Amino acid sequence: MGRGHQQGQTLVIFALVLSLFFVWMIAMVADLGTLYVAYDRVDNAALLAAQAGASAIDTGELYQGNLRLDVSQARLFCQQSLGAAGVQGNCDQTTPALVVADVSEAVQLPVTLLGQSAVVHIQHAAKPAYGGVVGTVTT
């Protein structure tokens, strides 16, 4: 066997490795792109839910000079906003001074390179605001 039969093997192996690398990169881009879009959607939903909850100002307290939230109304507005956005989450950590929207969503990845699914978890908080004044904690 002469050396003439082995010529070109390196080129073939290099081409195979390079093609597998490009397939892997395309799969990675698809998975990360899907995660980015899901993260952006969940992030926007959580932010809007917290802001919706922060609009539930307790008018009785406001007329007495205190800027506080009606906690039950704030939770309701927050949950309704999450439902309208089509995401699952909760607003259970809401207090008279702060609305917290907590959203977690499992995202199905198109290519199972990083696994079949990944979890996106976002938490946003908002304080009540009225007339340019932001709520403070009063006891």
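## Asparagine 90 and strand 1

Asparagine 90 is found in strand 1, where strands (E, at least two residues) and helices (H or I, at least four) are DSSP runs numbered from the N terminus. This is a predicted model, in which local features need pLDDT of at least 70 and side-chain atom pairs count only at pLDDT 80 or more, whereas totals for chains, interfaces and linings use all residues. Residues are numbered from 1 along each chain as its sequence is written, and side-chain values use heavy atoms, with hydrogens and water left out.

With a relative accessible area of 27%, asparagine 90 is partly exposed; the class lies between buried (under 20%) and exposed (over 50%), for a 1.4 Å probe and protein chains only. Asparagine 90 stands opposite aspartate 102 in strand 2. Leaving aside neighbours within four places in sequence, asparagine 90 is in contact with Gln79, Leu82, Val100, Ala101 and Asp102, contact meaning heavy atoms within 4.5 Å. The C-alpha atoms of asparagine 90 and valine 100 are separated by 8.3 Å, and the two residues lie ten apart along the chain.

Two strands are taken to pair if DSSP finds at least two bridges between them.

Strand 1 and strand 2 run antiparallel and are joined by two bridges; glycine 89 has valine 103 of strand 2 as its bridge partner. Strand 2 and strand 3 also pair in the antiparallel sense, over ten bridges. In that pairing, valine 99 has alanine 126 of strand 3 as its bridge partner. Seven of the ten residues of strand 2 are buried, so this strand is largely enclosed by the rest of the structure.

Buried residues of helix 1 include Ala27, Met28, Asp31, Ala38, Val42, Asp43, Ala45 and Ala46. Further along helix 1, Ala49, Ala50, Gly53 and Ala54 are among the buried residues too. The buried residues of this helix pack against helix 3 (71-85), strand 2 (99-108), strand 3 (117-126) and strand 4 (129-130).

Serine 81 has its place in helix 3. Serine 81 is buried, with a relative accessible area of 18%. Apart from neighbours within four places in sequence, serine 81 is in contact with Leu48, Ala49 and Ala52.

## Charged residues

The structure holds one salt bridge, defined as a side-chain nitrogen of Lys or Arg within 4 Å of a carboxyl oxygen of Asp or Glu. Glutamate 105 forms a salt bridge with arginine 41, the closest N and O atoms being 2.3 Å apart. The pair links distant parts of the chain, with glutamate 105 in strand 2 and arginine 41 in helix 1, 64 residues apart. Glutamate 105 is buried, at a relative accessible area of 16%, whereas arginine 41 is partly exposed, at 37%.

Which side chain of opposite charge is nearest to aspartate 43? Aspartate 43, found in helix 1, is buried yet has no salt bridge; the nearest such side chain is arginine 41, 12 Å away. Aspartate 43 touches Ile122 and His124, not counting residues up to four places away in sequence.

## Overall organisation

The protein has three helices and five strands. From the N terminus on, these elements run α-α-α-β-β-β-β-β.

Of the 139 residues of the protein, 27% count as buried. Among contacts between residues at least 6 apart in sequence, 56% join residues at least 24 apart. The protein exposes about 9100 Å², of which carbon and sulfur atoms supply 60%; accessible areas come from the Shrake-Rupley method with a 1.4 Å probe, and for residues only the protein chains shown count as cover.

Methods
Lys, Arg positive; Asp, Glu negative; His and termini not counted.
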